[in-house]
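I opened the notebook to record what I looked up in this structure. The entries follow in the order I made them.

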Amino acid sequence: MGKDTGFLEIDRKDRVYADPKERLKHYREFVIPHDEPTLKLQAARCMDCGIPYCHNGCPVNNIIPEWNDLVYRGDWKNALEVLHSTNNFPEFTGRICPAPCEAACVLNIIDSPVTIKSIECAIVDRGWQEDWIKPQLPARQTGKSVAVVGSGPAGMACAQQLARAGHKVTLFEKNDRIGGLLRYGIPDFKMEKHLINRRAVQMEAEGVTFRTSAEVGVDISFKSLQENFDAIVLSGGAEDPRTLEIPGAELSGVRLAMEFLTQQNKRNAGDDELRAAPRGSLTATGKHVIVIGGGDTGSDCVGTSNRQGAASVTQLEIMPQPPEKEDKALTWPDWPLKMRTSSSHEEGAARDWSVMAKRVIGADGDVTGLECVRLSWDGGRMQEVEGSNFVLPADLVLLAMGFVGPKKHGLLDRAGVALTDRGTVSANEDDYATSEPGVFTCGDMRRGQSLVVWAIREGRQCARSVDMALMGASELPR
């Protein structure tokens with residue numbers, strides 16, 4: 001590393017946020033990036049640790065110490081090349097990845113990891129600003145064609161890699177715009193959608209054809225793909241939501257988080273209300289909102305509800321409140337269970353743990369409250385605390401309890417691929433091949449609900465497997 005003692009001399013300094021009073025007025029990103037001198041100093045903290053555990057923490061295998069050193073030396077263009085060698089879309093991961101690489105950083109043993117995520121984001125943003133990022137055209141065309149079904153990060157990465165290998169790639173997306181969960185599940189204040197659009201332009205120049213509003217298994221038969229393409233990749237998401245099976249859950253004020261988030265993202269994209277909300281407008285304005293589910297999707301509902309002007313927002317989690325700080329001796333370098341407070345929580349929300357919803361209370365068809373009960377956990381077993389029932393006022397209940405796997409109706413029913421006991425498409429990480437000849441799968445459809453960085457990794461690795469199957473050899477990286 002360029003400065004061997006940097007980690008001893010320089011304190012960690014991460015990016016900061018705009019003031020909540022200002023950022024709640026809009027849906028734009030509000031992270032304030034560092035200037036170049038600060039970034040160089042932060043990169044200098046990478047400590048030449050011998051065994052870079054950050055590699056172990058990064059699912060997409062980013063070569064982190066190398067591009068940290070290049071940033072410290074001011075060689076931004078080569079830093080971008082190293083970054084792109086493992087990650088097709090670092091502007092996505094640099095914004096919404098939870099950074100397991102930082103949890104695995106040796107400096108995290110003393111709670112002061114290198115600001116890897118901030119540096120990664122700065123490298124790729126600099127690349128776009130300097131116009132260094134260009135389409136990468138294949139040296140030759142193979143004459144082979146591949147259909148990629150699902151345009152989330154796994155499908156985008158897979159399609160881009162296959163196009164760069166010289167295959168004719170068509171990317172099918174059932175929604176009206178590409179991007180999958182990135183487009184309609186991630187709020188704009190966490191990741192603006194022009195970032196997806198400019199990658200789409202790059203991919204089109206590389207030879208990828210996009211077919212939007214085209215649901216395979218519904219609008220387009222799976223058999224027609226088998227007849228017209230040499231290989232098919234199933235790269236859809238794990239979109240089947242976990243539902244709330246309690247009395248009153250059928251009331252109109254009990255809605256899925258993804259419906260709520262998608263509507264607002266469509267409004268932000270300029271869609272009129274009829275197009276954004278074909279089933280009727282769903283907003284938190286002036287309402288007492290309860291979000292059931294303590295994960296990232298629930299946090300996104302909190303931030304969106306506050307921007308819409310909710311009267312109050314309460315987020316409930318069935319699991320116990322995690323500790324403020326993990327036990328490093330037990331967890332490092334693995335991802336730890338600990339208390340995490342997002343920027344949306346900081347903007348205003350009540351949070352409660354070990355709480356289970358029991359009944360949605362309504363009057364004249366409208367939601368008026370949510371009856372809950374407190375839980376105790378003994379040896380990992382959940383028990384209701386007798387006499388602990390309480391009622392929260394509610395006008396809107398948003399369900400953000402995760403997903404149980406990919407939807408079966410349509411695509412998977414028609415494809416006939418074998419499924420796992422968890423309901424995901426069965427395939428291993430060696431070749432990503434399904435039980436159907438010529439059909440491959442990657443991303444959440446294969447592994448279940450996961451991170452964007454895992455989706456990109458699987459998309460890249462699946463592309464290599466497809467290339468190998470079609471050509472007998474592959475120069476694509478694994």
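**Entry 1**

Is Thr170 buried or exposed? The model is a predicted one, and I read every value below as computed from it. Thr170 has a relative accessibility of 9%. The cut-off for buried is under 20%, so Thr170 counts as buried.

I then placed the residue. Thr170 belongs to strand E4, residues 168-172. I listed its contacts, leaving out neighbours within four places in sequence: Val146, Ala147, Val148, Thr209, Arg211 and Phe229. I also checked the spacing to Ala159, which is eleven residues away in sequence; the C-alpha atoms are 7.7 Å apart.

The strand as a whole came next. In E4, four of the five residues are buried, so the strand is largely enclosed by the rest of the structure. E4 pairs with strand E3 (residues 145-149) in the parallel sense, over five bridges.

**Entry 2. Strands E9 and E10**

Strand E9 (residues 288-292) runs parallel to strand E10 (residues 312-317), and five bridges join them. His288 has Ser312 of E10 as its bridge partner, and Val289 has Val313 of E10.

How many residues of E9 are buried? Four of the five are, so E9 is largely enclosed by the rest of the structure. E10 is mostly covered, with five of its six residues buried.

**Entry 3. The largest nonpolar core**

I went to the largest nonpolar core, which holds 68 residues. Trp67, Ile123, Val233 and Val466 touch the most other members. Helix H21 (residues 452-471) gives the largest share of this core, eight residues. In soluble globular proteins, nonpolar side chains tend to be buried together.

I took Val233 for a closer look. Not counting residues up to four places away in sequence, Val233 touches Val146, Ala147, Val148, Val149, Cys158, Phe440, Cys442, Cys462 and Val466. Val146, Ala147 and Val148 are also on the contact list of Thr170.

Ile64, Pro65, Trp67, Asn68, Asp69, Leu70 and Val71 are the buried ones. What do the buried residues of H5 pack against? They pack against helix H3 (36-43), helix H4 (53-57), H6, helix H8 (100-104) and helix H9 (116-129). Just after H5, Gly74 takes a positive phi of about 80°.

**Entry 4. The second largest pocket**

I recorded the second largest pocket at about 760 Å³. It is lined by 31 residues, and those closest to its centre are Gln136, Arg164, Ala165, Glu475 and Leu476. The lining divides into eleven nonpolar, eleven polar and nine charged residues.

Which helices each supply at least two residues of the lining? They are helix H6 (76-84), helix H10 (153-164), helix H12 (194-205) and H21. H6 gives the largest share, four residues. H6 is also on the list of helices that the buried residues of H5 pack against.

**Entry 5. Ala238**

Ala238 sits in the loop between strand E6 (231-234) and strand E7 (240-241). Ala238 is buried, with a relative accessible area of 8%. Leaving aside neighbours within four places in sequence, I found Ala238 in contact with Phe403, Gly405, Pro406, Asp444, Gly448 and Gln449. Ala238 and Ala205 are 33 residues apart in sequence, and their C-alpha atoms are 29 Å apart.

**Entry 6. Backbone angles**

I ended with the backbone. Most residues other than glycine have a negative phi, and most peptide bonds are trans.

Ser213 is not a glycine, yet it has a positive phi of about 50°. Ser213 lies in the loop between strand E5 (209-211) and helix H13 (222-228). Its relative accessible area is 47%, so Ser213 is partly exposed.

Asp364 also has a positive phi, near 55°. I found Asp364 in the loop between strand E12 (355-363) and strand E13 (366-378). Asp364 counts as exposed, at 82% relative accessibility.

Where is the cis peptide bond that I noted? It joins Trp332 and Pro333, with omega about 5°. Pro333 lies in the loop between helix H17 (328-331) and helix H18 (343-346).

Technical notes: Residues are numbered from 1 along each chain as its sequence is written. This is a predicted model: local features need pLDDT of at least 70, side-chain atom pairs count only at pLDDT 80 or more; totals for chains, interfaces and linings use all residues. Side-chain values use heavy atoms; hydrogens and water are left out. A nonpolar core is a set of buried Ala, Val, Leu, Ile, Met, Phe, Trp, Tyr and Cys residues joined through side-chain atoms within 4.5 Å. Buried means under 20% relative accessible area, exposed over 50%, partly exposed in between (1.4 Å probe, protein chains only). Contact means heavy atoms within 4.5 Å. On a 1 Å grid over the protein atoms alone, a cavity is a set of points where a 1.4 Å probe fits but cannot get out, and a pocket is an open set with protein on both sides within 12 Å along at least five of seven lines; lining residues have an atom within 4 Å of a point. Grid points are joined across faces, edges and corners, and a volume is the space filled by probe spheres set on the points. Ala, Val, Leu, Ile, Met, Phe, Trp, Tyr, Cys and Pro count as nonpolar, Asp, Glu, Lys and Arg as charged, and the others, Gly among them, as polar. Two strands pair if DSSP finds at least two bridges between them.
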